[in-house]
Amino acid sequence: MSVIDLRSDTVTQPTPGMREAMLAAELGDDVYGEDPTVNRLEASLAARLGFAAGLFVPTGTMSNLLGLMAHCERGDEYLVGQQAHTYKYEGGGAAVLGSIQPQPLEMEADGSLDLARVEAAIKADDFHFARTRLLALENTMQGKVLPQAYLAAARELTRRHGLALHLDGARLFNAAVMLGVEAIEITRHFDSVSVCLSKGLGAPVGSVLCGSAELIGKARRLRKMVGGGMRQAGVLAAAGLYALEHQVARLAEDHANAERLATGLGELGYAVEPVQTNMVYVQLDQQADALKAFCAERHIRLIAAPRLRLVTHLDFAAADVPRVLEAFAAFRRP
Ligand SMILES: *Cc1c(COP(=O)(O)O)cnc(C)c1O
């Protein structure tokens, strides 16, 4: 029986077409700027998102870190959501490595930060305070898509206060596909954007940070400093280029499969949150460990969490939905 893995959209295998593209990639030493495939990935994604320059990095964590460090000096501060990846799930890197103070803020149910709360948190120009330099948003945020009008309002607010605006767009293309817009309609509001190629897009490794030529110049220096300068990285960039060309529109299938799972689980009596993209959240209370073990016996891999997250992806097919629903149904049966 094949394994169904719903823990994350990072668990995908490169598709045959992607492997072929990796094998055929033209390579050079990227630290010398001589890898034509890396250069093509950086330039093409930056252009697609409306930026002057891009930087290929191994992970989304590094991409966000370099973005924050390129915008902020030591002792500056950034405003960020309590549940945001940059704040909660990146080892405190901005503080540890960048000496950037995070000012975390409570988040709204839709994944946004209330802009009145943001404005109230911006510190006055006073030597007692850290200098508030940047607002970081995340889209999608736990599978939720930030409203376009909200992004415009956040841009207006940050412009008025002289703050930079950074997007952790690990799943930017899920948001764009859900809205039915080109990704640039989202990214045009931001000064910098980090995009993961290794999530729903299905590449094995890699993220790209996009911004102005000046910002990316700084980030390139910082990338070397943190050990992220790679050599014949075009073998990885080729996977990213392939994903961006062939595996964006299909994210709609992941969203449809998440919807199917949510509908089925709802019918079984599970407490399911509304689905927007490729994540289904189920409120389980105390049964999380038992459900994980029960599903593992049926070759279905889950994380154990009271608020269980199921993530659909390239290697999860519509035909897998019934098997998951049967397992969840059997788990509930007395
Ligand atoms: C996964 C993720 C990252 C970090 O990416 P890694 O490649 O795992 O370091 C950043 N932000 C969000 C929202 C993510 O989901």
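Colleague: How many aromatic pairs does the count come to?
Modeller: The count comes to 2 aromatic pairs, where Phe, Tyr and Trp (six-membered) rings pair with centres within 6.5 Å, and planes under 30 degrees apart are stacked, over 60 edge-to-face, the rest tilted. Bear in mind that this is a predicted model, with local features needing pLDDT of at least 70 and side-chain atom pairs pLDDT 80 or more, while totals for chains, interfaces and linings use all residues. Residues are numbered from 1 along each chain, and side-chain values use heavy atoms, without hydrogens or water.

Colleague: How do the rings of Tyr270 and Phe328 sit?
Modeller: Their centres are 5.3 Å apart and the planes are at 70°, so the pair is edge-to-face.

Colleague: And which parts does that pair tie together?
Modeller: Tyr270 is in the loop between helix 12 and strand 9 (271-272), while Phe328 belongs to helix 14, so the pair links parts 58 residues apart in sequence. Helices (H or I, at least four residues) and strands (E, at least two) are DSSP runs numbered from the N terminus.

Colleague: How do helix 12 and helix 14 cross?
Modeller: The axes of helix 12 (residues 251-267) and helix 14 (residues 321-332) come within 10 Å and cross at roughly 25°. The two helices are therefore roughly parallel (under 35 degrees; over 145 is roughly antiparallel, 65 to 115 roughly perpendicular, the rest oblique). Axes are fitted to C-alpha atoms over the stretch in contact, with angles from 0 to 180 degrees between N-to-C directions.

Colleague: Which residues make the contact?
Modeller: Helix 12 brings Asn257, Arg260, Leu261, Gly264 and Leu265, and helix 14 brings Val321, Val324, Leu325 and Phe328; contact means heavy atoms within 4.5 Å. Those residues split into 6 nonpolar, 2 polar and 1 charged (Asp, Glu, Lys and Arg are charged; Ala, Val, Leu, Ile, Met, Phe, Trp, Tyr, Cys and Pro nonpolar; the others, Gly among them, polar).

Colleague: What about helix 8 and helix 12?
Modeller: The axes of helix 8 (residues 172-179) and helix 12 come within 9 Å and cross at roughly 80°, which means helix 8 is roughly perpendicular to helix 12. Phe173, Asn174, Val177 and Met178 of helix 8 meet Leu251, Ala252 and His255 of helix 12. That contact has 5 nonpolar residues, 2 polar and no charged.

Colleague: And where do helix 2 and helix 11 meet?
Modeller: Thr37, Val38, Arg40, Leu41, Ser44, Leu45 and Arg48 of helix 2 touch Gly234, Ala237, Ala238, Gly240, Leu241 and Leu244 of helix 11. Here there are 7 nonpolar, 4 polar and 2 charged residues. The axes of helix 2 (residues 36-49) and helix 11 (residues 234-246) come within 8 Å, crossing at roughly 35°.

Colleague: Where is Gln142 found?
Modeller: Gln142 is in the loop between strand 5 and helix 7. Thr140 also lies between strand 5 (131-138) and helix 7 (148-160).
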